[in-house]
Amino acid sequence: MSSLPPFSADDALASLLADALRHGRPVDDSAFDALLSQTARAKSGGFWSAVEVAQTASRWLSEANATRVLDVGAGVGKWCAVASLTSGHRVWGLEQRGPLVFEARKLAQRLGAEVVMLEGTLESVNASRFDGLYFFNPFAEHIADKYDLYDETITPSLDTYLRDARTVEGWLRAAKLGTAMVTYNGLGGRIPTSWACQKKARLAGHVLRLWVKTREETDREAFVEVQDLLITASMLARLSKEFPQSPLEDLLVSRLVADWQP
Ligand SMILES: C[S@@+](CC[C@H](N)C(=O)[O-])C[C@H]1O[C@@H](n2cnc3c(N)ncnc32)[C@H](O)[C@@H]1O
């Protein structure tokens with residue numbers, strides 16, 4: 001008689017969690033994170049979206065009619081797995097760190113979530129294939145203190161930060177009307193004013209915003225998310241001239257302003 005395949009405690013946990021997520025029930029982050037590797041679990045609080053954040057973002061994207069959603073900077077795939085089980089749709093994730101892509105694929109498989117993990121950076125995807133985008137402040141590591149890095153495989157670089165922020169701004173300017181996006185703890189770059197912020201909530205310590213592209217591009221104006229505030233790039237430029245010592249006058253903001261071309 002052939003023996004049954006081994007069934008581990010992790011498989012049982014994954015199946016319970018997947019069932020709860022499919023039914024939109026709350027899931028404790030520490031229970032979910034028990035499925036992650038030791039390092040990914042230890043860094044979860046700072047690097048991966050909490051389950052409640054992912055569930056809310058996924059619901060907002062579904063309500064905005066997004067069915068092909070890309071998590072830009074998907075990490076260990078926590079957001080993608082939760083979003084796929086919440087929405088019942090396939091979800092794509094783009095991640096630059098190979099070992100995280102590997103772990104994200106295993107996580108999705110374990111949970112029975114339909115996740116496609118793409119290994120690479122922004123240049124490797126065609127953003128126009130997606131009608132929904134998710135950003136959990138993915139480029140912040142490039143301007144972070146070395147103690148706030150996930151690991152040492154990334155060399156922080158303000159130029160890379162600004163290049164990525166500009167690439168995404170280009171995606172947003174080229175996006176079709178009706179494209180939706182959720183930002184959590186800020187996108188980290190400029191959001192064209194052709195996009196309207198339609199929902200906002202404070203969850204797990206940061207602001208979550210739903211954006212929809214509601215009009216064609218007519219100018220170069222953009223929003224910048226400064227913590228809880230939304231401010232236009234032109235207003236920031238004016239403020240930074242009038243109040244050069246203001247706390248807004250940090251390196252990033254001053255570069256965003258210097259980069260501003262009406
Ligand atoms: C804050 S984590 C968010 C992970 C995931 N979105 C979530 O919410 O659970 C940001 C991730 O983005 C990745 N990342 C940053 N810049 C990237 C780029 N240009 N291309 C691909 N991945 C990037 C980092 O390696 C990191 O894993």
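1. In this predicted model, a polar side-chain atom of Asp71 sits 2.8 Å from a nitrogen atom of the ligand. Such a polar contact is a pair of N or O atoms within 3.5 Å. The backbone of Gly73 places a polar atom 2.7 Å from a ligand nitrogen, and an N or O atom in the side chain of Asp164 is 3.1 Å from a nitrogen atom of the ligand. The protein covers 97% of the 600 Å² of accessible area that the ligand has on its own (Shrake-Rupley method, 1.4 Å probe).

2. The ligand is surrounded by 21 residues, the closest being Ser49, Asp71, Gly73, Glu95 and Arg97; a residue counts if one of its heavy atoms lies within 4 Å. This shell comprises 10 nonpolar, six polar and five charged residues, with Asp, Glu, Lys and Arg taken as charged and Gly as polar.

3. Helices α1 (residues 9–22) and α6 (residues 78–87) pack at about 55°, their axes 7 Å apart. The helices are DSSP runs of H or I, at least four residues long, and the axes are lines fitted to C-alpha atoms over the stretch in contact, with angles running from 0 to 180 degrees between N-to-C directions. The pair is therefore oblique, a class left after under 35 degrees (roughly parallel), over 145 (roughly antiparallel) and 65 to 115 (roughly perpendicular).

4. Ala18, Leu21 and Arg22 of α1 meet Val82, Leu85 and Thr86 of α6 (heavy atoms within 4.5 Å). Four residues of this contact are nonpolar, one is polar and one charged.

5. Local features need pLDDT of at least 70 and side-chain atom pairs 80 or more, while totals for chains, interfaces and linings use all residues. Numbering starts from 1 along each chain as its sequence is written, and side-chain values use heavy atoms, without hydrogens and water.

How values were computed: Helices (H or I, at least four residues) and strands (E, at least two) are DSSP runs, numbered from the N terminus. A polar contact is a pair of N or O atoms within 3.5 Å; within protein, one must be able to donate a hydrogen and the other to accept it, and residues adjacent in sequence count only if both atoms are side-chain atoms.
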